[in-house]
Amino acid sequence: MSCVKQKSAALPRRTDSQADFNAYETMEPRMPEATPGELKNGKRVKTNDVAPRGLYRPNDNFITPNMTSPEYVQISTAAAITLGIMNGKMYRCACTRCLNLLLTYPEGCRANCAYCGLARHREAERDFADRNFIRVDWPAVPMDEIIDTVAGDIDNSPFHRMCISMITHPRSDDDTVAVLKKWTSRIDPDAIPVSILSNPTTMKRQDVRNLRDLGADIFTVALDAATPELFDRTRGKGVQSPHKWKKYWEVLDDARDIFGPKKFGAHIIVGMGETEYEVLQLVQRLVDMGGHSHMFCFFPEQGSLMDHLPATPRDQWRRVQLARYLIDYRGVRTDQMSFDEHGRVSDFGISAPELDRIIDAGIAFRTSGCPGKFQDDISACDRPYGDSPPSNIASFPFQPNKKDLGKIRRQLNRQQTNDTSL
Ligand code: SF4
């Protein structure tokens, strides 16, 4: 087995005839524009000072109310449909298994991550509570109302997990604690476990410990970028954003020490300019620490600083998705795999029949994230269509069927071998 490390900077620019991975040079974010002073820091919302009156639907021809956490949180459209507070249907999904909560403030997130619809540079264009995030609207709802609804019938709850997403805001640490306390005062965290999607930039080791002591089950760090260069380019100095790679790893180390094996992890976005080798080395590093990776396929978010860039080609995504599953759940290591001169996976390091069995099981291509109640390698957080349109699904929020698996095999350029015995 060979293992070729290819530096991103040496990769050729992607052209239409070579479009099977997103190269570093192609994935350059645009620079944020300056925001007029009178529109900074949520001033429009604070000046209008409209009192919130329960559920607020983003962009609903209503002046954005002055809502803040912990009294208010935003929830994903999928969670709002599942809770029954919004009408709608999701393609081939009856519900979501994860209740995703997002802290909310008129000032919004103070970071400027290039791929994110919530980023600060959008404050002139759209109030925080009206911004799209991972391709959908996030309605704002009183936290007490959410808890009343879930606590009303915990035994039959569709939710296998609740997750609090922090944003970069001076109140984020305290309000995450407040939201967690509100939840655990009414809902047994053994019945519906809680995950924290953290914001390391404002956190100290003691904050991580407090969240564990208050009943959080899993702690994740949204690393998102797979290399220090990409991190700086998309989340740090490159886009006038405050995040630092080193600080994120300090908090990941804290999470490993405090939450322990299998109870911490990192989010990674695939296709922002890293090589497959680089992102899989990161997956291996997390597994060697005792954690997991939760993976997203880059999809250009409307209004973000990367909205002009190509989504991750499906073949790149499928190779990384499959290899990540093998590393996270099947004990395969990157040094058993082979990579070509562009850092692409050329051999997954296991026999063809074994690989076929894993492809046909389909789980490798489902959405990755914190586990639910079905089994360890099936995520509660199914984020329906968060990283692709339903017409060309990247992460399957349900079990892929035979037709889906045929398409996945074509994307992997991999026909089934005849021998399926192990
Ligand atoms: S810190 Fe999180 S919410 Fe804020 S801009 Fe970055 S990715 Fe988006």
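Residues are numbered from 1 along each chain as its sequence is written. The model is a predicted one, so local features need pLDDT of at least 70 and side-chain atom pairs count only at pLDDT 80 or more, while totals for chains, interfaces and linings use all residues.

Thr 77 belongs to helix H2 (residues 77-83). Helices (H or I, at least four residues) and strands (E, at least two) are DSSP runs, numbered from the N terminus. Thr 77 counts as buried because it has 24 C-beta neighbours inside 10 Å. The cut-offs, with C-beta atoms placed from the backbone, are 20 or more other C-beta atoms within 10 Å for buried, 12 or fewer for exposed, and anything in between for partly exposed.

Ala 129 sits in the loop between strand E2 (98-103) and strand E3 (140-142). Setting aside residues up to four places away in sequence, Ala 129 touches Tyr 56, Pro 58, Thr 64, Met 67, Gln 74, Thr 104 and Ala 140. Gln 74 is 55 residues from Ala 129 along the chain, yet their C-alpha atoms are separated by 7.6 Å.

A few backbone details come next. The peptide bond from Ser 69 to Pro 70 is cis, with omega near 10°, and Pro 70 is in the loop between helix H1 (43-48) and strand E1 (72-75). Asp 224, in strand E6 (residues 218-224), has a positive phi of about 65° although it is not a glycine. Asp 224 is also buried, with 22 other C-beta atoms within 10 Å. Lys 262, again not a glycine, has a positive phi of about 70°. Lys 262 is found in the loop between H7 and strand E7 (264-270), and is exposed, with 12 other C-beta atoms within 10 Å.

Helix H5 (residues 205-213) and helix H7 (residues 245-259) pack at an angle of about 35°, their axes 9 Å apart. Axes are lines fitted to C-alpha atoms, for helices over the stretch in contact, and angles run from 0 to 180 degrees between N-to-C directions. On the H5 side, Arg 205, Val 208, Arg 209 and Arg 212 meet Val 251, Asp 254, Ala 255, Ile 258 and Phe 259 of H7. By class, the residues of this contact are five nonpolar, no polar and four charged. Ala, Val, Leu, Ile, Met, Phe, Trp, Tyr, Cys and Pro count as nonpolar, Asp, Glu, Lys and Arg as charged, and the others, Gly among them, as polar.

In helix H10 (residues 352-361), the buried residues are Leu 355, Asp 356 and Ile 359. They lie on the same side of H10, because they cover an arc of only 105° around the axis, taken from the directions from the helix axis to the C-beta atoms. These buried residues pack against helix H9 (314-329) and helix H11 (402-412). Just after H10, Gly 362 takes a positive phi of about 80°.

Finally, the ligand is surrounded by Cys 109, Ala 111, Cys 113, Cys 116, Leu 118, Ala 119, Ile 167, Thr 168 and Asn 199, where a residue is near a molecule if its C-beta atom, placed from the backbone, lies within 6 Å of it. This shell has seven nonpolar, two polar and no charged residues.

Definitions and conventions
Contact = placed C-beta atoms within 7 Å.
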